[in-house]
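Dear colleague,

Please find below the structure that I am handing over to you.

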Amino acid sequence: MKQFQYIRPSTQQSVIAALSQPGTKIIAGGSNLVDLMKHGVMTPDKLVDINKLPLRTITPIKNGLHIGALALNSQVAEDKQVMEKFPLLSQALNAGASAQLRNMATVGGNMMQRTRCPYFYDIALPCNKRNPGSGCGALEGFNRMHAIFGMSDKCIAVHPSDMAVAMTALDATVIIAGKKGERRLPFGEFHRLPGDTPQLDNNLAKDELIVAVEIPTNNYAAHSYYLKVRDRASYAFALVSVAAALDIDNGTIRSARLAMGGVAHKPWRLTAAEKALVGKPATAASFEQAAQLAMQGAKAFKDNAFKLKLAPATIVEALTHAAGLV
Amino acid sequence: MEELNNGALPDGQEQPAGNPRRNFLKQSTLLTAVALTPGVAVKAAENHVDEQVAAVFEKLPLNIEINGTKHNLLIEPRVTLLDLLREQLDLTGTKKGCDYGQCGACTVHVDGHRVNSCLTLAMMVDGKKVTTIEGLAKGDELHPMQEAFIKHDGFQCGYCTPGQIMSAVACVREGHANSEMEIREYMSGNICRCGAYPNIVNAILEVKAGGQQV
């Protein structure tokens, strides 16, 4: 690993001030960053350890729940308020990584983990995300794990987070601190599609800090389900995952929330399918129709055509579980 | 890294005689560090790792308690907890498997929670308590999980075993050892290439059923 300086400021202001120097990166849990540094993919000159900041608490707020950016993934997954009000988030978190990594990874760090693929990790291969302009190795290479939505000819990697898929479906808001104070961003707008700048995974400025995520109260707790399909039963990235949440009144869907993971450079919200479900009976036929709608515009590459069948099937299965039909 | 306490091992034993070169390097770098580092500055740095300290020092002070023994060290920020344990404190029970957080062989407890020590920078464990496989037994009395692994033949080559046992203890403490399915899910961060999984699960089930304090 390249040598770097390490500082551990105790105030938000000093963290933000330190970030203005080039080559500086925040470290929270380190589970993705240290891995990337060992591979030589990321080579910061200075790490700003933010673990002294008081951002670890989960607190009820008016109309929702406030989750500090340093709350651990395991802490959030097992939090009583989260399990009761947002079981979808708890399920998604527990579907991610391993018990050890969930004890290290923070909410903010989970969001900041790199959108990535094997070509990004191998510094001997071209990758526009790691080295802009060098080309995309995956485009014509082995692309079984890659995107079917929202990709560009510059990058076809997918964002690996499960938590972010649930947060997107749950209409969470990201609270970001910068030099000029705080700003709020819908969770679904935090991560980016690759376009011509795949080196940018998200819309956080270099001198900004995620301080919290807030989830608004909803009526989905009784009917939500996170389904992750992967190559082994546990501790693997999603081939496809679906966060499904339904508000069902007497067999009729009042509203729906749907997002997919493993299919795009960011958590992929299925807005058209959500709208189509409103007013429909909670039945297999409605779910099939929504899944077909969700797949419009999907495009496969050489090795990932199976996702065109797997994704709609996973949507139907997740909705079926959410509705309590199995 | 240098021990600031004369390079003695955590349990107060003499340095092992097996690797004179390593011991020489340790002691000589210790002398260099002590010579170059004013005590006042070290104290100041311990209290507040800030810009000035980071710029002046190639090595930073780390206070850490490992298996009940306190250490005051100076380390490079890029040293992982795993390398600190194995390469600098001779606690080689914790194993380096993949070194990328994928196999779990390096699992230790930090303040009671299991983590991958290979992806943990040692500096980030400042002020915390670490337990490694060497810290589980009480003298000659093995931990119940160690006994159970032996009884159920929960290993073949044994390389993943320290990580498996540290993870298994945490799995029971966390309350995630209630069924075979749950154990398999919550032990998924520990890979065993010999395939001792059924026996590992049986060992954990037995410890859970025994209800002992783990």
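Two residues are taken to be in contact if their C-beta atoms, placed from the backbone, lie within 7 Å. Please bear in mind that this is a predicted model.

I begin with B:Thr131. Apart from its neighbours within four places in sequence, B:Thr131 is in contact with B:Asn67, B:Val108 and B:His109. This threonine belongs to strand E6 of chain B, which covers residues 129–131. B:Thr131 counts as buried because 20 other C-beta atoms lie within 10 Å, and 20 or more are required for that class. Its C-alpha atom is separated by 8.5 Å from that of B:Glu65, although B:Thr131 and B:Glu65 are 66 residues apart along the chain.

Turning to the contact between the chains, chain A contributes 24 residues and chain B contributes 27 residues. On the side of chain B that touches chain A, two or more residues come from each of helix H3 (51–56), strand E5 (113–116) and helix H7 (180–186) of chain B. E5(B) gives the most to this side, with four residues. By class, this side of chain B has twelve nonpolar, nine polar and six charged residues.

Finally, the largest nonpolar core holds 165 residues, of which A:Leu88, A:Leu89, A:Ala166, A:Ala243 and A:Leu258 touch the most other members. Helix H6 of chain B (residues 161–174) gives the most to this core, with seven residues. Not counting residues up to four places away in sequence, the residues that A:Ala243 touches include A:Leu88, A:Ala166 and A:Leu258, as well as A:Tyr226.

Yours sincerely

Technical notes. Residues numbered from 1 in each chain as written. Chains lettered and ligands numbered in written order. Predicted model: local features only at pLDDT ≥ 70, side-chain atom pairs only at ≥ 80, totals over all residues. Nonpolar A, V, L, I, M, F, W, Y, C, P; charged D, E, K, R; others polar. Buried ≥ 20, exposed ≤ 12 C-beta atoms within 10 Å, placed from the backbone. Core = buried A, V, L, I, M, F, W, Y, C linked by C-beta atoms within 7 Å.
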